[in-house]
Amino acid sequence: GIFDDVKSEPVGPIRTEWWNPAWTPITGEPGGNHLCLDLVPATGGQRGQVICWVHDDSVRELVAPSFSALFEQLADGLEAG
């Protein structure tokens, strides 16, 4: 409940909470930043979209419209070098 009154600044169809328990981390790094599956998107979003959550920044960005699209982006990037 520490961040209940703190809002984020979403870029795309992402809720405005600072953190939501239905944002399931799928990656992480020592600084506490994550890519998350968004299981409760805002209006216009898709359940399972991938968002970027940075612990010390209020911006939340849409990375991919789905988990499979994230892997397609990864594969395309690897093939492109």
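Predicted model: local features only at pLDDT ≥ 70, side-chain atom pairs only at ≥ 80, totals over all residues.

Entry 1: I found that the side chains of arginine 15 and glutamate 17 meet in a salt bridge, with 3.2 Å from N to O. How many salt bridges does a search of the whole structure find? The search returns 1 salt bridge.

**Entry 2: the strands.** I followed the pairing of the strands next, starting with β2 (residues 23-25) and β3 (residues 34-38), which pair in the antiparallel sense over 3 bridges. In this pairing I looked up proline 25 and saw that cysteine 36 in β3 stands opposite proline 25. I then moved to the pairing of β3 with β4 (residues 49-53), which is antiparallel as well and runs over 5 bridges. Two of its partners went into my notes: aspartate 38 has glutamine 49 in β4 as its bridge partner, and histidine 34 has tryptophan 53 in β4.

From β4 I went on to β5 (59-64), and found that 4 bridges join β4 to β5, the two running antiparallel. The two strands form a hairpin, with 5 residues between them, and valine 50 stands opposite alanine 64 in β5. Is β4 enclosed or open to the outside? I record that β4 is largely enclosed by the rest of the structure, because 4 of its 5 residues are buried.

**Entry 3: the nonpolar cores.** Which residues make up the largest nonpolar core? I listed 6 residues in all, namely Ile14, Trp18, Trp23, Cys36, Ile51 and Trp53. A second, separate core has 5 residues, among them Val50, Ala64, Ala69 and Leu70. As general background I note that in soluble globular proteins nonpolar side chains tend to be buried together.

**Entry 4: the rings.** I counted the aromatic pairs and found that the structure holds 4 of them. One that I looked up is the pair of tryptophan 19 and tryptophan 23, which is edge-to-face, with 5.8 Å from centre to centre and 90° between the planes. Tryptophan 19 counts as partly exposed at 34% relative accessibility, whereas tryptophan 23 is buried, with a relative accessible area of 0%. Another pair is that of phenylalanine 67 and phenylalanine 71, whose ring centres are 4.9 Å apart and whose planes stand at 80°, so this pair is edge-to-face. These two residues are 4 residues apart in helix α1 (residues 67-80), and therefore about one helical turn separates them. I checked their accessibility too: phenylalanine 67 is partly exposed at 38%, and phenylalanine 71 counts as partly exposed at 44%.

Returning to the tryptophans, I noted that Trp19, Trp23 and Trp53 form one aromatic cluster. I also looked up arginine 60, which lies over the face of tryptophan 18, at 4.6 Å from the ring centre.

Entry 5: Where is aspartate 57 found? I located aspartate 57 in the loop between β4 and β5, where it is partly exposed, with a relative accessible area of 34%. Aspartate 57 and threonine 43 are 14 residues apart in sequence, and I recorded 22 Å between them in space, C-alpha to C-alpha.

Is glycine 81 buried or exposed? Glycine 81 counts as exposed, at 94% relative accessibility, a value that lies over the 50% needed for that label. From glycine 81 to valine 40 I noted 34 Å in space, C-alpha to C-alpha, the two being 41 residues apart in sequence.

Key. Residues numbered from 1 in each chain as written. Heavy atoms only, no water. Core = buried A, V, L, I, M, F, W, Y, C linked by side-chain atoms within 4.5 Å. Buried < 20%, exposed > 50% of the residue type's maximum accessible area, 1.4 Å probe, protein only. Salt bridge = Lys/Arg side-chain N within 4 Å of Asp/Glu carboxyl O. Pairing = 2+ DSSP bridges. Phe/Tyr/Trp six-rings, centres within 6.5 Å; stacked < 30°, edge-to-face > 60°. Lys NZ or Arg CZ within 6 Å of the ring centre and 35° of its normal.
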